[in-house]
Amino acid sequence: MRDQGEVAIPGRPESVGLITISHRGDLDRCTVLFDSIDRHMPRRGRHYVIVDDEDLQLFAPCARADRQILPKSQFMPSWLRPIFGLRWRGRRYWWSLHGRPVSGWHVQQFVKIEAARSLPEARFCIIDSDVCFFKDFDLGRIAHPNPTPFHVHVGGVTQDRPRHKLWVATAARLLATPVPALPANDYIDQIIVWDQATVRDMTARIETVSGRDWVAAMCRDRDFSEYMIYGAFVAASAIAGSRHAVTHESFTRTHWEADELSLPDILAMLRTSTPRERAFCIQSFGSTPVATIRAALSTFYAEATEKQNDIKHNNVEV
């Protein structure tokens with residue numbers, strides 16, 4: 001596994017596909033994401049926006065040549081069927097003969113993995129729908145021949161994170177690797193880059209270990225995280241590791257709480273961002289209005305324009 005300090009050779013940004021899984025409740029936030037991608041990634045691969053089948057028409061106006069709106073059913077096995085009319089704690093459920101019903105949260109992970117396995121690009125940048133870019137993001141730096149960025153939060157899984165502990169154990173079980181001692185590494189982030197060959201190798205490993213289809217194996221092991229499984233696989237595989245470069249920094253400045261942020265709060269996030277942070281995320285379960293997010297972005301861009309004009313003016317005077 002290569003070190004993050006190596007100099008990146010620009011690749012072809014068009015060779016990196018973008019994947020976003022969304023739903024009707026996040027449509028407004030998605031439009032903010034789309035606008036930010038158009039502004040900060042003028043050269044990019046196709047953006048695949050994958051939504052519930054019944055939401056296709058709702059998202060259709062967002063489609064364009066480089067942004068496809070695709071149905072979730074395209075990336076799901078035919079034997080996994082939605083249970084119409086059943087919701088528990090706001091979640092939809094799907095049933096199969098391979099295990100207990102799985103929730104929409106599980107299905108979202110299956111879809112993400114299958115999309116990265118089957119779509120045309122060899123590398124994918126997976127972006128949550130509540131993310132918004134506020135700086136230029138050069139996809140050429142994460143495209144081939146550069147190694148795939150591999151985000152590692154060292155020791156991020158501790159005793160006081162019970163769900164993460166289950167995800168670590170499930171990844172080890174699915175991949176037949178030793179369960180790491182705590183604190184264990186965490187591989188979850190808001191913007192993740194996946195290598196297609198590695199995703200395919202990972203699912204093949206799950207099928208070899210379980211003796212069944214990889215989705216069916218995951219249906220039987222319900223406490224899982226797609227990012228934790230991918231991270232555990234890369235960490236355990238010399239071949240997969242050689243395709244990646246470890247980084248301990250995120251591309252995203254994230255506000256994890258559900259409280260409502262004000263315009264000054266959001267501006268403070270943007271102004272104090274690190275050089276690597278190119279986007280910010282205010283969790284969609286929070287109460288911050290999308291209008292406030294848009295207003296903060298407008299103010300931030302106006303400040304940047306004013307600063308650039310001041311620099312030009314001072315240079316002329318000199």
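Start by selecting helix α4: the elements that cover its buried residues include α3, β11 (153–157), β12, α5, α6 and α7. Contact here means heavy atoms within 4.5 Å, and buried means under 20% relative accessible area, with exposed over 50% and partly exposed in between (1.4 Å probe, protein chains only). Helices (H or I, at least four residues) and strands (E, at least two) are DSSP runs, numbered from the N terminus.

The model is predicted: local features need pLDDT of at least 70, side-chain atom pairs count only at pLDDT 80 or more, and totals for chains, interfaces and linings use all residues. Residues are numbered from 1 along each chain as its sequence is written, and side-chain values use heavy atoms, with hydrogens and water left out.

**Helix α4 and what follows**

Stay on α4 and color His-164, Trp-167, Val-168, Thr-170, Ala-171, Ala-172, Leu-174 and Leu-175, which are buried. The end C-alpha atoms of α4 are 20 Å apart, which agrees with the 20 Å that its 14 residues should span at 1.5 Å a residue. The expected span is 1.5 Å times one less than the number of residues.

Ala-176 has a positive phi of about 55° although it is not a glycine. Most residues other than glycine have a negative phi, and most peptide bonds are trans. Ala-176 is in the loop between α4 and β12, and counts as partly exposed because its relative accessibility is 47%.

The loop between α4 (162–175) and β12 (184–186) also holds Pro-183. Select Leu-182 with Pro-183: the peptide bond from one to the other is cis, with omega near 0°. For another cis peptide bond, go to His-144 and Pro-145, where omega is about 15°. Pro-145 sits in the loop between β9 (131–133) and β10 (148–151).

Two packed helices are described by the angle between their axes and the distance between the axes. Axes are lines fitted to C-alpha atoms, for helices over the stretch in contact, and angles run from 0 to 180 degrees between N-to-C directions. Angles under 35 degrees count as roughly parallel, over 145 as roughly antiparallel, 65 to 115 as roughly perpendicular and the rest as oblique.

Show α4 and α5 together. Their axes come within 7 Å and cross at roughly 75°, so α4 and α5 are roughly perpendicular to each other. Arg-173, Leu-174 and Leu-175 in α4 meet Met-202, Arg-205, Ile-206 and Val-209 in α5. The residues of this contact divide into five nonpolar, no polar and two charged. Here Ala, Val, Leu, Ile, Met, Phe, Trp, Tyr, Cys and Pro count as nonpolar, Asp, Glu, Lys and Arg as charged, and the others, Gly among them, as polar.

On the α5 side, select Thr-198, Val-199, Asp-201, Met-202, Arg-205 and Ile-206; they meet Ile-229, Tyr-230, Phe-233 and Val-234 in α7. This contact has seven nonpolar residues, one polar and two charged.

**The cores**

A nonpolar core is a set of buried Ala, Val, Leu, Ile, Met, Phe, Trp, Tyr and Cys residues joined through side-chain atoms within 4.5 Å. Which residues touch the most other members of the largest nonpolar core? Among its 49 residues, they are Ile-19, Phe-110, Trp-194, Met-202 and Ile-229. The largest share of this core, seven residues, comes from α7 (residues 226–236). Apart from it lies another core, of 26 residues, among them Cys-30, Phe-34, Ile-69 and Ala-143.

Select Trp-194 and show its surroundings. Not counting residues up to four places away in sequence, Trp-194 touches residues including Lys-112, Ile-113, Ala-116, Phe-124, Val-199 and Tyr-230.

Move to α3 (residues 104–118), which is mostly covered, with 11 of its 15 residues buried. The buried ones include His-106, Phe-110 and Ile-113.

Then pick Arg-222, in the loop between α6 (214–220) and α7. Leaving out residues up to four places away in sequence, Arg-222 touches Arg-100, Pro-101, Val-102 and His-106. Finish at Asp-35 in helix α1 (residues 27–40), which counts as partly exposed at 41% relative accessibility.
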